[in-house]
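Reader: I have a model open and want to go through its side chains. Can we start with the aromatic rings?

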Amino acid sequence: MAPVEKIVNAKEGRTPFINVVTKSGTNTLHGSGFLLYRQKDLQANGFFEKTKPDFNREQFGGALGGALIRDKTFGFYAIERNRQQKSQTVDTGGVYPQFEGSSPAPFRDLLRVTKFNRFMNNLKPTSLGTNLLYGGPPAENAFQKATNENISWQAIQTSLLSSRTLNQFTAQFNRFMNNLKPTSLGINLRFPSIVIGQNASTPQNVQQDRLQFRDDFSTQANWHGLHSIKFGVDLNPRIKYNALFDLVKNTSIFFSVDDPGITCSSTTSCTTTLPPSDFFALRGIGSTKEQGSIAWQMAYYVQDDWKVSRRLTVNLGVRYEFESGFIDAGFKQPLEGAAPFFDSRTRKNPRLSFGPRIGFAYDPAGNGRTVIRGGYGIYYDSTPWEVGYIDRTFNGVKYFIDAFFPAQPDVNDPAFQGPLPSPGGFAVDGKVSQPYTHQWSAGIGQQLPWGIVLDASYVHILGIHGWMTRELNPQGTKPDGTVVPPPYPGLGLFSSFQTTNISHYNALQVSARKNLEKRVQFQLAYTLSKAVGLSDDIFEPGVPQNSNNIFADKGPTLRDARHRFVLSGIVRLPLGIETSNIVALQSGRPYNITTGTDDNGDGHFKDRPPGVGRNAGRAAPTYVWDTRLSRPFKIGERVEISPTVDMFNVVNHPNFDPESYNGVISSPTFGKPSDIISPPRQLQLGVRASF
């Protein structure tokens with residue numbers, strides 16, 4: 001075990017830099033290929049599947065590398081393809097038998113990587129890479145057809161300036177495109193137990209073009225010990241976005257109770273026996289299309305890893321980050337003057353984002369068998385680009401979402417034909433601060449007999465100025481018929497994005513690992529943790545129960561899993577057979593419990609029963625065991641063939657998706673899940689060849 005370990009590094013920050021590690025070509029031609037196959041008859045029935053749905057998956061690819069000019073220029077190329085044909089099962093527990101069944105959900109994926117290395121001389125190798133990732137066409141189910149594309153070009157020049165000094169310059173261009181199209185046009189019906197019709201989040205289209213330049217300089221110096229010094233700059237001078245996100249454009253109907261008897265004569269006209277007080281409608285009006293919005297980021301850092309003595313290493317660093325264009329400081333809101341939260345011209349981009357880093361690693365005995373380590377750092381988060389985009393487009397003028405109260409879930413209902421209600425939407429309220437975290441860690445590592453290394457650490461993360469959502473203009477009707485007037489008449493509901501969230505994460509992390517020796521390798525990890533916050537996400541689950549008392553929503557986050565245990569390992573059996581296994585056990589994650597009605601008349605269905613805190617429900621624990629058997633064998637000296645047999649979810653345990661649990665206490669399916677996060681037991685056959 002190494003006597004010292006780096007805890008913090010100012011080189012790393014919020015910027016989404018893509019590190020692609022690939023093989024480089026050599027003077028000798030090398031290559032590999034693989035094929036993985038799954039099929040309907042090789043899997044068990046899923047928990048919600050009355051009959052086994054269609055399923056077929058083929059994953060294959062290969063790689064080739066070698067010299068283009070001996071000792072000078074090398075090339076590497078890899079390609080991987082995934083073709084999956086499956087069906088998605090809908091099971092409402094018998095509440096809506098007319099909507100139960102399976103629908104096609106095919107998936108296609110393509111990954112290609114190309115890399116060239118050119119040694120201009122013995123000291124300055126240069127690499128140029130192209131990475132193409134195509135995902136999803138067509139990923140289609142009852143709601144949407146999704147296409148993702150990610151293309152990256154990267155060039156790296158590494159210069160060895162002296163025996164102690166190295167400089168690496170990177171230039172990169174990345175393009176990401178996401179396109180969601182509805183598979184059916186019409187209204188969206190949202191019951192506590194099921195969602196029917198057009199996906200309310202479609203159509204949706206996002207394209208991001210990111211240009212990035214980065215330079216990292218490292219050197220060593222001797223002064224009261226050995227200093228490994230790094231400093232650098234990371235510039236993203238042009239981040240361009242094109243976007244379209246016409247939320248609830250074709251009308252969404254929200255029901256507080258289920259109606260199994262609902263009938264629909266078309267995709268836009270349905271009939272319900274429920275009274276109008278049990279549902280309302282939202283409709284988006286206008287267009288959210290935006291072309292060519294620009295943002296940019298920059299960061300500077302310096303890092304010193306100081307080996308004070310043979311036993312002690314100290315890590316010191318600081319990182320400065322700045323971004324502009326994400327929250328649009330200074331732009332004029334069209335409704336400025338109608339309410340105080342529309343004053344965006346006083347907004348300023350945060351400029352004091354300095355993140356210090358300090359850490360140490362100490363070997364008390366000096367024999368490399370025990371290490372005590374600790375670290376602290378401030379890490380700034382990037383503002384989600386969607387915040388500024390929604391602030392500019394969902395602004396009550398360019399695009400606004402209005403509430404309607406029809407007598408029937410029908411787009412031709414008279415309620416939709418009259419004058420438009422007051423405009424509603426989103427705004428960024430108050431002073432905007434840069435979200436950041438204070439991160440502490442302390443731990444000890446100990447080398448045990450038989451090559452086992454034991455580690456134990458405590459981690460604390462305090463999140464400050466996190467993004468959350470709050471209702472700025474509450475209005476609505478309580479279940480008893482009491483009408484709650486808005487604070488700002490003439491405006492509808494306006495949700496605010498603001499940096500007022502506070503979160504805490506505490507964890508005890510214990511692990512033991514053993515390298516592959518005497519036929520056995522394993523790694524065991526256990527985490528005892530608790531995650532608490534005022535909110536989970538700026539988009540879901542939305543506003544707090546009472547937007548005037550956000551601290552009443554303090555509770556576990558949706559990612560809070562109290563216990564997590566993972567065991568993975570490799571065992572070499574007789575006859576050259578090798579088995580690999582991974583077992584993961586995790587406590588159930590939370591879900592929110594609500595009454596299903598707007599009890600406080602704020603226009604949102606986030607009200608909880610009396611005495612029930614946020615995210616008080618708990619999903620069932622998850623259990624996963626995956627295993628592989630392989631038997632490599634040689635053909636000649638250079639070719640190796642390795643047949644494999646994989647089994648996923650060996651015990652066929654249904655692992656339910658916590659986000660699919662029905663938290664509406666009045667629903668007949670309350671506390672029941674509707675989806676799983678891991679497939680039923682599946683057998684996969686494969687083969688890999690390399691030379």
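Reader: Is Phe-169 buried, partly exposed or exposed?
Author: Keep in mind that this is a predicted model. The relative accessibility of Phe-169 is 36%. Buried needs under 20% and exposed needs over 50%, so Phe-169 counts as partly exposed.

Reader: Which kind of aromatic pair do Phe-169 and Phe-213 form?
Author: Phe-169 sits in strand E8 and Phe-213 in strand E11, 44 residues apart. Their ring centres are 6.5 Å apart, with 20° between the planes. Planes under 30 degrees apart count as stacked. The pair is stacked.

Reader: Which class do the rings of Phe-280 and Phe-405 fall into?
Author: Phe-280 belongs to strand E16, and Phe-405 to the loop between E21 and E22. The centres are 6.4 Å apart and the planes meet at 40°, so the pair is tilted.

Reader: Which element supplies the largest share of the largest nonpolar core?
Author: That core has 23 residues, and Ile-401, Trp-467 and Phe-497 have the most contacts inside it. Strands E12, E16, E21 and E22 and helix H1 each supply at least two residues. The largest share, 4 residues, comes from H1.

Reader: Which backbone oxygen does the side chain of Thr-202 reach?
Author: Thr-202 lies in the loop between strands E10 and E11. At 1% relative accessibility, Thr-202 counts as buried. At 2.7 Å, its side chain reaches the backbone oxygen of Asn-199.

Note on methods: Residues are numbered from 1 along each chain as its sequence is written. This is a predicted model: local features need pLDDT of at least 70, side-chain atom pairs count only at pLDDT 80 or more; totals for chains, interfaces and linings use all residues. Side-chain values use heavy atoms; hydrogens and water are left out. Buried means under 20% relative accessible area, exposed over 50%, partly exposed in between (1.4 Å probe, protein chains only). A polar contact is a pair of N or O atoms within 3.5 Å; within protein, one must be able to donate a hydrogen and the other to accept it, and residues adjacent in sequence count only if both atoms are side-chain atoms. A nonpolar core is a set of buried Ala, Val, Leu, Ile, Met, Phe, Trp, Tyr and Cys residues joined through side-chain atoms within 4.5 Å. Rings of Phe, Tyr and Trp (its six-membered ring) pair if their centres lie within 6.5 Å; planes under 30 degrees apart count as stacked, over 60 as edge-to-face and the rest as tilted.
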